[in-house]
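Please examine the structure shown below, with attention to its pockets and to the charged side chains that pair within it. The paragraphs that follow take these topics in turn.

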Amino acid sequence: MNLGTIAADLQTEHRTSGPLQVSLRKKRLTALRDAIRRNEALLSDALAQDLGKSSFEAYVSEIGFILEEIAFTLEHVEEWANEIRVATPMTLFPGKSTIYPGPYGVVLVISPWNYPFQLCLSPLVGAVAAGNRVVVKPSEFVPKTSSAISALLTEVFPENEVLVVLGGVAETQLLLSQAFDYIFFTGSSAVGKIVMRAAAEHLTPVTLELGGKSPCLIEASANLALAARRCAWGKFLNAGQTCVAPDYVLVPRELQERFIEELRSAILNFYGFDPKTSPDYGRIVSEAHFDRLLKLVDSNKTSVGGSSVRADRYLAPTVMRDVVWADPVMAEEIFGPVLPVLPYDDFATALNEVASRPKPLALYLFTEREAVKREVIRRVSFGGGCVNDTVLHLANPNLPFGGVGPSGMGSYHGRKTFETFTHYKALFEQTTAVDVPLRYPPYKGKLSWLKLFLR
Ligand code: NAD
């Protein structure tokens, strides 16, 4: 297929053949599930080569995650795709009203490199379930995984249903110049703006799954050891290259020392004395990303880790202490294994600081106090998050996942993915057996009658 006309070509296909029946969508998703199972070792290997992902992480956060998403979708898609009868007001008597879920048409999915399999396949599953044709553009930074995705999808889907385009900025821009029916983008806020601008040209609706600095707030009543362990897990998973990783931690000043010691021991327990040799610790995706991260590490403030090997794209799990808002590490999303700890003197001020910054993708709160939980949820606008844990909110398909403001717009996972890729067609159906004359001119004397039915 010609890259420059891919959207129009698939749209022609979509318009002439119509959307796939739900039974065929299920067949395709079942075939996708089986192909993923058959290719599990190959996919895991590709993720290890691109990102040094352990097979455990590759399964839990990528391959198994998608198998779960497919199973959940297969279980519910018929119900989601059903037409929905809704009530009709008396004034429209005796008509009936129905909502018909239908696909947008041809969807473009652009995905990043950090969870390259999950973030490409998860929207794809919902887009296919909703009956769309899909063009997928995986990230150029993870060539092994992207070509494994391409081989997998080419094996499962005919090319008039799902197409994979491999490439970088030039290819993505060529795609973005076309009039897709929906664009689902996961990546940085900077590129999110480029995507939205291009979409505006065709009035194409978008979902933007972006990033930002996700805070982790430790309140004085928190179980400190557990907070440190769960923070360290969420931060150093995938070597910190997780959009919902805790970007920084706010901790009561008097607890900073103890908290850092707990972090140190969690890191030691997870990855041993030399994380470089741990099969469970990942690598930075590229040298350019590695160089950017090194600039954020202030050796004078480093309490844990800090060592690195450029040739191996290895950066040790690193914790910085006594960080202040003006430090360079607080100026951008870290997106790597560097955890700044900011001590605070009173919780109200710390909360104000968080609430006055750009709305984050995630927020984590560690506390034993219900009132503190309620106050934080009330005061801060954020995409989603956890209380007394990190990252796991995205593992529940019943929770919509997405950002707000600069961290994104729209959400997905589970039913929400289906809804994202569905246009709900609203239809009012009137009987031809009677024709109530009240609405027709001349109106003289009719308003008082009409008002009898209105509130
Ligand atoms: P990125 O924005 O650089 O790239 C994402 C995609 O956009 C890639 O496929 C890339 O080829 C394409 N792209 C890059 N530059 C482009 C341009 N100028 N024009 C058109 N297309 C372009 O993001 P990344 O570095 O791959 O991923 C890291 C970012 O993604 C972080 O900010 C992270 O927080 C965010 N992220 C968000 C989520 C989420 O679910 N909200 C998940 C993962 C990553």
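Helix α8 (189-201) gives the most to the lining of the largest pocket, with five residues. Helices here are DSSP runs of H or I with at least four residues, and strands are runs of E with at least two, numbered from the N terminus. The model is predicted: local features need pLDDT of at least 70, side-chain atom pairs count only at pLDDT 80 or more, and totals for chains, interfaces and linings use all residues. Residues are numbered from 1 along each chain as its sequence is written, and side-chain values use heavy atoms, with hydrogens and water left out.

The largest pocket holds about 1,100 Å³ of space. On a 1 Å grid over the protein atoms alone, a pocket is an open set of points where a 1.4 Å probe fits, with protein on both sides within 12 Å along at least five of seven lines; lining residues have an atom within 4 Å of a point. Grid points are joined across faces, edges and corners, and the volume is the space filled by probe spheres set on the points. In total, 46 residues line the largest pocket, and Gly 187, Ser 188, Ser 189, Ala 190 and Glu 333 lie nearest its centre. Besides α8, the elements that give two or more residues to this lining are α7 (169-176), β6 (182-186) and α11 (287-296). By class, the lining has 23 nonpolar, 14 polar and nine charged residues; Ala, Val, Leu, Ile, Met, Phe, Trp, Tyr, Cys and Pro count as nonpolar, Asp, Glu, Lys and Arg as charged, and the others, Gly among them, as polar. At least three lining residues come from each of domain 1 (3-210 + 408-427) and domain 2 (215-395), the bounds being taken from an automatic or database domain assignment.

Where does the second largest pocket lie? Both domain 1 and domain 2 give residues to its lining, so this pocket lies between them. Its space is about 570 Å³, and its lining consists of 28 residues, with Val 60, Ser 61, Trp 233, Leu 237 and Leu 392 nearest the centre. Helices α4 (55-81), α5 (118-129) and α10 (256-271) each supply at least two of the lining residues, and the largest share, nine residues, comes from α4. Here 17 lining residues are nonpolar, seven polar and four charged.

Attention now turns to the charged pairs. The whole structure contains 27 salt bridges, each defined as a side-chain nitrogen of Lys or Arg within 4 Å of a carboxyl oxygen of Asp or Glu. One of them joins Glu 161 and Arg 28 at 2.6 Å, N to O. This pair links distant parts of the chain, 133 residues apart: Glu 161 is in the loop between α6 (143-156) and β5 (162-164), and Arg 28 is in helix α2 (residues 22-38). Both Glu 161 and Arg 28 are buried (under 20% relative accessible area, with exposed over 50% and partly exposed in between, for a 1.4 Å probe and protein chains only).

Within helix α10, Glu 261 and Arg 264 lie three residues apart, about one turn of the helix, and their side chains form a salt bridge of 3.1 Å, N to O. Glu 261 is partly exposed at 39% relative accessible area, and Arg 264 is partly exposed at 33%.
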